[in-house]
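Please open the structure in your viewer and keep the selection tool at hand.

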Amino acid sequence: MSGPSNMPPVIIRRKKVVAGGHHGGAWKVAYADFVTAMMAFFLLMWLVNATTETQRKGLADFFSPTVPLMRASGGGEGVFGGDSIMSENTLAQAGTGATNRAAMERRQARGDSGAESSDSAGSGDNDLLALEDALMALGGESREMENLLQHVITRITDEGLIVEIFDLEGSPLFEPETDTPTWIAEALAGMLARVFDLTQNGVAVNGHTRSYPIVLRDNPVWNLSATRAQKMRTILVAQGLAETRMQRITGKADRQPATENPMDVRNNRLEVILLRRVN
């Protein structure tokens, strides 16, 4: 019989292997992506609340890969440099996609090369662009001015600089179904008279209205569009615009809606046109 051994006992450990193992830090990566997405979402919500309609359109232009980053689109002069993402307001700068309604020589397509002659933008266009910039710059004077410019879009056509002012939901230019101007129309007229005083070009006013139900016996669209255009002429003259500069007053009723829904209040609008000079 052998004596006691000094060797330590042998201990056998059996490790249980779990199929698939642990997931390490993958959940951290997923959580970081979620937090980043939430930050982007809240930033988007802040931008929507803190910017005007014109600025939002400029942002959309800036991030749209299909819109050239030129002055007419959102990327022209900064994030808030754009005017509109609508095809009729943001004209193609190269290729064959120019619009038919407002294709002026300075902005229309130049063909496959996109080449543009150096003298295509004449001094008349430069003057109109300067006045357009002066009008939009008024939004930086105060919060009230910025809010008023939400009623305004501008575009340059063969006819001249068109300043379109329009109703917003809950903020009409005129009392409902009348030609009585609200304070918004009065203030906008003052802004226009102030900017138009920088030049001596002629001025025209076009009136437009939304459509009314066809069951109406007396449809007011013709009289309403004409009297509102006439009222805007009166306000502009009262604000200091020379009477001799007024060239034309036109009521176009509901024949040229600005939106797909002809009864939309957005179609209640006036086009105050700074006409090109005739050489």
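This is a predicted model: local features need pLDDT of at least 70, side-chain atom pairs count only at pLDDT 80 or more; totals for chains, interfaces and linings use all residues.

Begin by selecting strand S3, where Val203, Val205 and Gly207 point one way while Ala204, Asn206 and His208 point the other way, and all of them are buried, buried meaning under 20% relative accessible area with a 1.4 Å probe and protein chains only. Strands here are DSSP runs of E with at least two residues, helices are runs of H or I with at least four, and both are numbered from the N terminus. In a regular strand the side chains alternate between the two faces of the sheet.

Residues are numbered from 1 along each chain as its sequence is written, and side-chain values use heavy atoms, with hydrogens and water left out.

S3 pairs with S4 in the parallel sense over 5 bridges, and Gly207 has Gly251 in S4 as its bridge partner. With S5, S3 pairs in the antiparallel sense over 6 bridges, and here Ala204 stands opposite Ile273.

Now widen the selection to the open sheet of 5 strands, whose order is S1-S2-S5-S3-S4, with mixed pairing. Its edge strands, each pairing on one side only, are S1 (152–156) and S4 (246–251). Within this sheet, S2 (residues 160–166) and S5 (residues 269–275) pair in the antiparallel sense over 7 bridges, and Glu164 has Glu271 in S5 as its bridge partner.

From S2, move to Asp167, which is found in the loop between S2 and helix H5 (183–196). How far from Asp167 is the nearest side chain of opposite charge? That side chain, Arg228, is 5.1 Å away, and the buried Asp167 has no salt bridge, a term that requires a side-chain nitrogen of Lys or Arg within 4 Å of a carboxyl oxygen of Asp or Glu. The side chain of Asp167 does reach the backbone nitrogen of Leu173, at 2.7 Å.

Finish in helix H5 by selecting Ala185, which counts as buried because its relative accessibility is 1%. Not counting residues up to four places away in sequence, Ala185 touches Leu173 and Met232, contact meaning heavy atoms within 4.5 Å.

Definitions and conventions: Two strands pair if DSSP finds at least two bridges between them. Buried means under 20% relative accessible area, exposed over 50%, partly exposed in between (1.4 Å probe, protein chains only). Lys and Arg count as positive and Asp and Glu as negative; His and the chain ends are not counted. A polar contact is a pair of N or O atoms within 3.5 Å; within protein, one must be able to donate a hydrogen and the other to accept it, and residues adjacent in sequence count only if both atoms are side-chain atoms.
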